[in-house]
Every structure is written in C-alpha cells, then in structure tokens.
Amino acid sequence: MKISYNWLKQFIKIDWNSEETSALLTDLGLEVEMVDKYQSIKGGLEGIVVGHVLTCIPHPDADRLKITTVDLGTGTPLQIVCGAANVDAGQKVPVATIGTVLYDKEGVAFTIKKGKIRGQESHGMICAEDELGLGTSHDGIMILDNSLIPGTKASEVFKVENDEVFEIGLTPNRADAMSHLGTARDLRAGLLQSGINVELITPSVSNFRVDMRTLKIDTIIEETLLAPRYCGVTISGITVKPSPNWLQDRLKAIGINPKNNIVDVTNYVLHELGQPLHAFDASKINGKIIVKTLEAGTKFTTLDDVERTLHEEDLMICDEKGPLCIAGIFGGKNSGVSDSTTSIFLESAYFNPVSIRKTAKRHQLNTDASFRFERGIDPTITAYALKRAALLIQEVAGGEITSDVSDVYQKKIEDFSVFLNFANVAKIIGQEIPKDTIKQILVSLEIKVSSVSESGLGLIIPSYRVDVQREIDVIEEILRVYGYNNISFSKKLNATVSNSPRNEDYKLQNIIATQLNSQGFNEMMANSLTTASYVQLSEMLKEEYNVTMLNPLSNDLATLRQSLLFSGLEAISYNINRKNSDLKLFEFGKTYHKFLSGFEEHKHLTLFLTGNRNQENWTSTQKTSDFFLFKGYVDAILARFGIQKTQNSPVTSDVFSEGIAIGTGHNAIVEFGVVKKSILKHFGIKQEVFYADFNWDVIIKMISNKIKFVEIPKYPEVRRDLALLIDQSVTYDNIYAIARKTEKTLLKGINLFDVYEGKNLPEGKKSYALSFIIQDNTKTLTDAQIDKIMGKLQNNFETELGAILR
C-alpha cells in the first residue's frame, strides 16, 4: 500500500521528516518498507529559472542560430546560443543553468554544460516545453508571463509537487488502515503516546445539499445479507474532462494513472477514506437499481472488454433490463462513464467480505475495491464518503445534486463489546502500564470506554475494526501503540527445570526422523489444504467428511486433507517430472475429518519409496526398490519403539493393490503396500510407488514411559535350519504363527532366508528355507532338547500345512 506524505499531512499537521514518521509507523505495526520521492515533473525543474532576454542577434556562422544575452537575476547577464525561431529580445523564458539535469523523450538524463556552438560560448539553455517535461510541443521555446521576475525558480512558477511516498507492507488483518485516513488515525495515536497532541482533520461535507430533485433512481436490495448497506445519489450537468493537476498529482504519487475527473474522484476517495465507490452513466440505467444475484451461466462483459460467465452466488448491480456491474469488484462495459456522460448515479456500499472474495477469486479479478471489500471496510462512513465524492465531483466537473441520498440499511452492523481485565494486560505484556495510559491509547484508537471498574474496562470496539473482537486483540492494540521498545525487561534470568517425559511427541518424532534420515529418507512437508476431488480416488474417503474452507484462496486449496497420500504423490510427480525419480520421502502430518459428532484430526507418519535402491554405479548392478525392502523400513520403525506382539492382516484401504496391515488387537498401527496404478495414473506417475501410513496417535499411546532392562543371556543360542516343500498358497506368516504356537518359551527367532520356485519342483509347490534360534536363559541346551523342539516344529508343519522336509 502506498501512502503520500503530503496527502497524509492533510489529516494531521505534522512537521516531522519522513524518516521519523516512517519509524513511528513501523513501530505501530504499519511497516514502512520503502520511502520513494515523487515529483509531478521529472527532475522537479531544479536548476531552471526565469530569464529575461535582453538582446537577440543572429549567429555569424549559422543561419538558424541566435546569440542572446539573458538576465537571470544575478546582476551579470549570460550569453546563450539558441536555435529556436521564436526567441526574441524582451521575452521572459525558462533557462536551464549550467549543471541542470534534463530528460529526453525516453527518460534518459543529460546535463547542461558550458560549451561553444559554432565558435560562440553558451552558458545555459533556453528550453521548450517538451524539454522541461511540461508538454509535448517542440515548435519553439516557452514564452512565460512577462510579469515574472528574472531568477524566479521555475518550480515555483509551475507549482511542482514534491512528495514522499511510504510503501507500507500492510498485513491482511489491518483493513482499517487501508487508506490515508486510517493511516493518519494510527499515526495520531502514536504521536499522542509520544506526547504530541495533534488533531485528526477529516474532510467536511457540511456544504452538501440537494440542488434539485429531477433525477431520482430508486434502489432495491434483494440480497440484504450480501449487501447490508447501499447508498446512492445522482449528479447532473457534469462535464467529463481531465482532472485538475492537484488531483492528478495525488493519484500519480501513489501509482494510479488518472483517467478522467469522475473516475479520478472515485479513486481519490477510495484511497483517502478507504470507501470504494462506483459511478454509473445515469442515462444508461433503465429504471431502478437492483442489487441481486443472477442465474448461473449469465454472460456479462466487464470494463476490460472480457465476457465473463457469472456464478449463481455472484452479487450484481443490475437495472430492470440486466446487469450493470459486478458488485464491489468491477464495472460493466456498457454502463461506465464516458466522455459524453452528463449525469451519473454515484454508488457507495458495504458488501459482505466473504461474498466479494469468492467472486473475485472465481473470476480472477483483483481490484483496489475488491481488495478493501474482502477485508472489511467501515460500514459507518458509507453515506459520508458518498457526500465527500459528490462535492469533489461538483468541484472538478461542475453539475448539480439532483436527488436525495438513498440509504438502504435494514440491519445495522453493530459495534463489538469487549471487557478488558487490567490483570490480563499486565500478565500478557509483562509490565504494568498505567490505567490512564491504557485509557488514552484506547480513546486515541476510537475505542469507546463504556464502563470503568477496579478490575478493568468495558469497551465498545468500532465495527470497522474487524480484527479486534477479543480481549487479547485489545491488549495487542495497547501494546503496539504503547511501543514494544518501551517494554522493559529484567537483567535477572529466571529459569526452571521441568521433568519432561521421554515419550513426548516431538522427541519421538526426532528419533524416527533421525533414523529415517540415516536410511536415506528426506523429510517433506506438504500443505494441509488440498483439492476436494482427491477423495474420489478412494472409496474409503467420503466427500461429506471433507472440512472445507469458507474463504479459500483457490479451488486447489479449498479443503483440508483426509489423507497424506495424495500430497505425497504430488511431490513424487513433481520430482519425477524434473528427472529425480529415485525417492525416499517421509512426512509427519495431520488429517482432518468432519463427522456428525464433530470435527476430528489425526496425526500420521507416512513413508514413500519409489525408483532404484542406489545411484547407478559401475561396481554394482542397478536394482529397483521392492516390497521387502520397504517392509524392512516399516519393521525398523516398530522395532525402534519396541512394539512387539503385533498381528499381520490383509490391508483394508483400497489405495493399495497389495499390502499388509500391522496392528495389536483392534488398533491398526500401520498399513503399507503398493499404491494402485489407477491412483498413480491420476498424478502422471508410471513407476511403482510404495506407501506406508502409520497411525501416530496409536503409537504414542502404546509407548510406555518406563524403561525395561533385561540381563544379557549367559548361555549360548543355537541355530537350526529347515528346508520345507510347501504349497504355493502357504505364506511365511502361516509358518511363523505355527512355530510361535509350537514353542512359546525357548524359540527366540525365526527367519526366512531363501525362497525357491522353478525347475525340479512339483507343480504348485515352492521351497522355503528357514532358520530357528533356540535359547534357554537359565541353562545350556542339550542336543536332545533341541532335537525335540525341532521335531515338534517339523511335525506341526507337516500336519497343518502339508509340508515335506527336503
């Protein structure tokens, strides 16, 4: 946001330099990012003075040149060689003295120097209007009013506007400061806190009056929730023409190109008071003004000559024949002010911020008006701003007020009530601020004190302060005006040592993140906002469970995610498209769900694996990542947490083409497997992707805060191997379960170390080679004991699985 210092001084009489003022504004929360200089004429006519041509004779060596002597008010006339045909003795002319910097048509600077032209010295330059930036004519030199005194600065003659412009990085919550009035209001509060009592001067509208009631245009508000307040007035007999210099200079200083006097006034009041306005050509309005929505699919051409298709929720300003304007955002091509306009209907309104934002985003329009309406303007100044604009239009375009001000305001937008507790102020700020100072700050911000007690203040917050609705917001206002730099702090450092449990969430996250990093994984963080349509990729996710944003930035960021899978696949697709296809990613994040019982959020840890295991190297063959490698990463996480006695079951989620679910009882700890090709195709991924989804909330509950120690066994362990011929339908999980059931005490470990399928085996069979670790913590096992255990195992495998010992 740009704020003109000269314009700001119309509200507050202040003689501070721009550096002091920008420092105070920054302290108040209106961070000044830059201060630019503005001059209505480039260069500011510095070095240009009024000269009196005393003599003018032809140049002896050039037919088109003349030698002049010019009085610049210094007492010593200067000789200047001039090539203009209209130069003559007795004239008052603008003279660029030695060292003056001028600019050509392309804006390139050049400096006037002392020199010789065809052998004759020249000590300056008599200028044409285009050389000074005062016009486009180059037919001859400018001839000034003969009453001017030689030596008078040209900047005084042509009233050059010199200004300084603050570039303020305005935060979205400070809708109240989106104008020169709002900035001046904050600045005044800061000055009062600094001991400088200044008055806030607002433009007077006391001269507003209805000249005649000859052009009444009625207004009907059908959508009162979307347009709580709507004001209008007609002005007739105007002349559309360029604005006067003072108005153009104000707009140019803040980066707005002047158009004509009517449009310029609406822009002026917008940036002066923060109230957007719109002027309609009254002759193009058929009957009444109707504020309503139209059917979806209605076509409407805006001022930029673009035909737009309207949504059924777009609020429109219409007449009895059709739409005239997208309310609060953009005018229509066929209803705007033109050079032939002689009467206008001037609109000033308060529109629902959410409605305006949705429409602006829907049509990808971002205007100065929508910028303010979206964030919430002051509903109390709607009629005041209308009268201010009407008076300015009369000043710069003539005309008469030809109707009363229509003001449709069915339900008044009320101010907010907040109770401020003095104890909470001291607690939050960390310092006692005098009660009188608190009251003074609040009053300077136009916050009314409705009641006073020993414990606090009852406050009435103006409705335009949409960001101040809670006690903590009021405390923040007090602090920013009081000054963060004025808060003292003790030199004594107080610290406490807290007993932090081992299983705090962040600690466990760090443990697993470190482990995964060491295994080659990279952590990713995706946006919790995602596309609503992603839920259609899985039957497990329901659209009615989506938590949708009331005011989304875009359709792609309109819903809180129900799964971390799709944001991870977006990242994988992005990397693959940039030739980075070997990926190991993990993310800690939350999912969000809306149920009949209310809103819920759940924390997850997800892993993604795709591409090759290692980088291509001449010492090893390239090998693609597979399911068993991925399962090892999953098991390592469970092992790191000491989670045992789990059960494997088929995966229930339909995002996997094949996978495993690991849990304990009714609690699912993790589901992992191969992502379906149909889902990968949606993201343009052609290679296999492995995905694991840990229920982090369940893991946190399962982990004990107690550390269990077990003595290292004194007696040796024994390994025995079996090679079994089994049916293709038998899984390792079947063998594992039978082994554990057969020997619960001494069997310490089971491992499948070889699988063979192919030649020399009967059809429908496969060979498993397994190792069994047997150990007794109290004694050394004998061969007889070991053979007995292995015999039981072999017998149960043969009985229950039909296994044959190879």
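Author: Start with who touches whom: N734, I735, I738, A739, K741 and T742 in α19 meet K792, L793, N796, F797, E800 and L801 in α20. Sorted by class, this contact has six nonpolar, three polar and three charged residues. Keep in mind that you're looking at a predicted model.

Now step back to the two helices themselves. Helix α19 covers residues 732–742 and helix α20 covers residues 783–801; their axes come within 10 Å and cross at roughly 130°. The crossing of α19 past α20 is right-handed. Here's a handy bit of background for reading such contacts: an α-helix has 3.6 residues a turn, so residues three or four places apart point the same way.

Let's set another helix pair beside it. Helix α12 (residues 435–444) and helix α13 (residues 471–482) have axes that come within 10 Å and cross at roughly 95°. So α12 is roughly perpendicular to α13. On the α12 side the contact uses T437, I438, I441 and L442, and on the α13 side V474, E477, I478, V481 and Y482. By class, that's seven nonpolar residues, one polar and one charged.

D314 sits in the loop between β18 (307–309) and β19 (315–318). Is D314 buried or exposed? D314 has a relative accessible area of 0%, so it is buried. Beyond its neighbours within four places in sequence, D314 is in contact with K292, T293, L294, T359, R362 and H363.

H363 belongs to the loop between α8 (353–362) and α9 (368–375). With 9% relative accessibility, H363 counts as buried, because the cut-off is under 20%. Leaving out residues up to four places away in sequence, H363 touches R308, T309, L310 and D314.

Now for another histidine, this time in a helix. H180 lies in α5, which spans residues 180–193, and at 0% relative accessibility H180 is buried too. Follow the chain to E272: it is 92 residues from H180 in sequence, yet their C-alpha atoms are 5.0 Å apart. H180 also has a polar atom in its side chain that lies 2.8 Å from the backbone oxygen of H271. Setting aside residues up to four places away, H180 touches K2, I3, S4, W7, L8, F11, I254, H271 and E272.

One last stop is helix α6, residues 245–253, where L247, Q248, D249, R250, L251 and A253 are buried. What do these buried residues pack against? Their partners are α1 (5–8), β2 (32–39), β12 (162–168), α7 (261–273) and α10 (382–397). After α6 comes G255, with a positive phi near 85°.

Technical notes: Residues are numbered from 1 along each chain as its sequence is written. This is a predicted model: local features need pLDDT of at least 70, side-chain atom pairs count only at pLDDT 80 or more; totals for chains, interfaces and linings use all residues. Side-chain values use heavy atoms; hydrogens and water are left out. Axes are lines fitted to C-alpha atoms, for helices over the stretch in contact, and angles run from 0 to 180 degrees between N-to-C directions. Helices (H or I, at least four residues) and strands (E, at least two) are DSSP runs, numbered from the N terminus. A crossing is left-handed if the near helix is turned anticlockwise from the far one by less than a right angle, and right-handed if clockwise. Contact means heavy atoms within 4.5 Å. Ala, Val, Leu, Ile, Met, Phe, Trp, Tyr, Cys and Pro count as nonpolar, Asp, Glu, Lys and Arg as charged, and the others, Gly among them, as polar. Buried means under 20% relative accessible area, exposed over 50%, partly exposed in between (1.4 Å probe, protein chains only). A polar contact is a pair of N or O atoms within 3.5 Å; within protein, one must be able to donate a hydrogen and the other to accept it, and residues adjacent in sequence count only if both atoms are side-chain atoms. Angles under 35 degrees count as roughly parallel, over 145 as roughly antiparallel, 65 to 115 as roughly perpendicular and the rest as oblique.
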